[in-house]
Amino acid sequence: MKFIRLLLLPIVPIYFIVTWCRNKLYDLGIKKSKNYNFPIICVGNLSAGGTGKTPMVEYLIKLLNENYNLATLSRGYGRKTKGFVLASENSTANTLGDEPFQFYNKFKNSIRVSVDENRQRGILNLRALNNKPELIILDDAYQHRKVEAKLNILLTTYSNLYAKDIVLPTGNLREPREGAKRAQIIVVTKCPDNLSEEKKVSIIAELRPKDYQHVFFSSISYAKEVIGNSGVVALNNLKEFTLVTGIANAKPLVVFLKNSGLNFNHLEFSDHHNFSKKEIETIAKNDLIITTEKDYVRLIAESTLSNKLFYLPIEITIDRQIDFNNLVKTAIKC
């Protein structure tokens, strides 16, 4: 794959020019962004996948849902529907996409969850609801410039900073690095727990934030137990199991489980993978299956897996958490 991407290097300048020109048209006001009279938060990245958008959205929901009538709006990647869909008790990962369905399963009693590939239309439909949302969180919409968010939160991983990357197809960036200037908050995600202050200063220097930008660092916190239809099992009580992942970067999870002294084999699939019948049959041959929460919401509907499938919950921990929380709350005040 790396060799193929190197062969595509001559296309990089073309991709760069096209995306740069598109952004410049928005910057100059030739292409229009729609502004709204209520707060919208956009969580996104410059890179293609795997920066931790889902746990960040969940963090913001927990932070803000007590004080706002809140809704999330995602594109619904991988869903088998089109247009605007509002999550309901009849929703599945197929109708919403795996990540929005995960939001709905966790927060359905306190927020509205929706999907629409056209964010302007999605916002319009949400605001037409009875008891309309006062705050909308856009998931993975950093490049969707038809909507002007009140607050842009840009994520970049510790192991693959956007400052060290180039655009697709050889690199992983969806747009040139200068697109980072649209963010008010930059979060370096998936950092090691013991990241030193000296290393943080070095990373900030690499990112070269503008005067109005604030940089934070976050790390993943894994739970000490796995959860499934059969109940809750402590990690240290797990015997040999099979790990199934369909995410952009499973390495941090694999490292965590290995460092926990657990014995497992790993079946790794691509991000948002649609499991075939044959793959489900292969997975079902295992007595104990551990997966991510995103994969769990897609796999749990399979009757052959329902009693042997568990997921490991994660949360993010943000350094200078109080400062981060206050910045978010201040930024969205109209």
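Predicted model: local features only at pLDDT ≥ 70, side-chain atom pairs only at ≥ 80, totals over all residues.

Residues are numbered from 1 along each chain as its sequence is written, and side-chain values use heavy atoms, with hydrogens and water left out.

**The whole chain**

Start with the protein chain in cartoon view. It has 11 helices and 15 strands; these are DSSP runs, with helices (H or I) of at least four residues and strands (E) of at least two, numbered from the N terminus. Along the principal axes, the C-alpha atoms fill a box of roughly 60 × 50 × 40 Å. The radius of gyration of the protein chain is 20 Å, which agrees with the value near 20 Å for a compact globule of 334 residues. That radius is taken over C-alpha atoms, and the globule rule is 2.2 Å times the number of residues to the power 0.38.

Next, colour the chain by accessibility. Of the 334 residues, 49% count as buried. Buried means under 20% relative accessible area, exposed means over 50%, and partly exposed lies in between (1.4 Å probe, protein chains only). Among contacts in the protein chain with a separation of 6 or more, 74% come from residues 24 or more positions apart; a contact means heavy atoms within 4.5 Å.

Now colour by charge. The chain has 46 positive and 33 negative charges, and their mean positions are 6 Å apart. Lys and Arg count as positive, Asp and Glu as negative, and His and the chain ends are not counted. Each charge is placed at NZ of Lys, CZ of Arg, CG of Asp or CD of Glu.

**Ile61 and Thr72**

Select Ile61 in helix α3 (residues 53–64). With a relative accessibility of 0%, Ile61 counts as buried. Beyond its neighbours within four places in sequence, Ile61 is in contact with Leu70, Thr72, Phe107, Ile111 and Ile137.

Which strand holds Thr72? Thr72 is in strand β2 (residues 70–74). The C-alpha atoms of Ile61 and Thr72 are 8.7 Å apart, and the two residues are 11 residues apart in sequence. Thr72 also counts as buried, at 0% relative accessibility. Its contacts, again leaving aside neighbours within four places, include Val57, Phe103, Arg112 and Leu126.

**Aromatic rings**

Show the side chains of Phe, Tyr and Trp. Rings pair if their centres lie within 6.5 Å, using the six-membered ring of Trp; planes under 30 degrees apart count as stacked, over 60 as edge-to-face and the rest as tilted. By this rule there are 7 aromatic pairs. In one of them, Tyr36 and Phe38, the ring centres are 5.6 Å apart and the planes stand at 65 degrees, so the pair is edge-to-face. Tyr36 is buried at 17% relative accessibility, and Phe38 is buried at 6%.

Move to Phe269 and Phe275, an edge-to-face pair with 5.0 Å from centre to centre and 75 degrees between the planes. Both of these residues are buried. Then select Tyr59, Phe216 and Phe324, which form one aromatic cluster.

**Stops in the loops**

Select Leu168 and Pro169. A cis peptide bond joins them, with omega at about 5 degrees. Pro169 lies in the loop between β6 (151–157) and β7 (185–189).

Go on to Arg208, in the loop between α7 (197–207) and β8 (214–222). Arg208 is not a glycine, although its phi is positive, at about 50 degrees. Is Arg208 buried or exposed? Arg208 is exposed, with a relative accessible area of 69%.

His272 sits in the loop between β12 (264–268) and α9 (277–284). Its phi is also positive, near 60 degrees, in a residue other than glycine. His272 counts as buried, at 14% relative accessibility.

Finish at Thr292, in the loop between β13 (289–291) and α10 (293–299). Thr292 is buried, with a relative accessible area of 11%. Apart from neighbours within four places in sequence, Thr292 is in contact with Val244, Thr245, Ile247, Leu253 and Tyr311.
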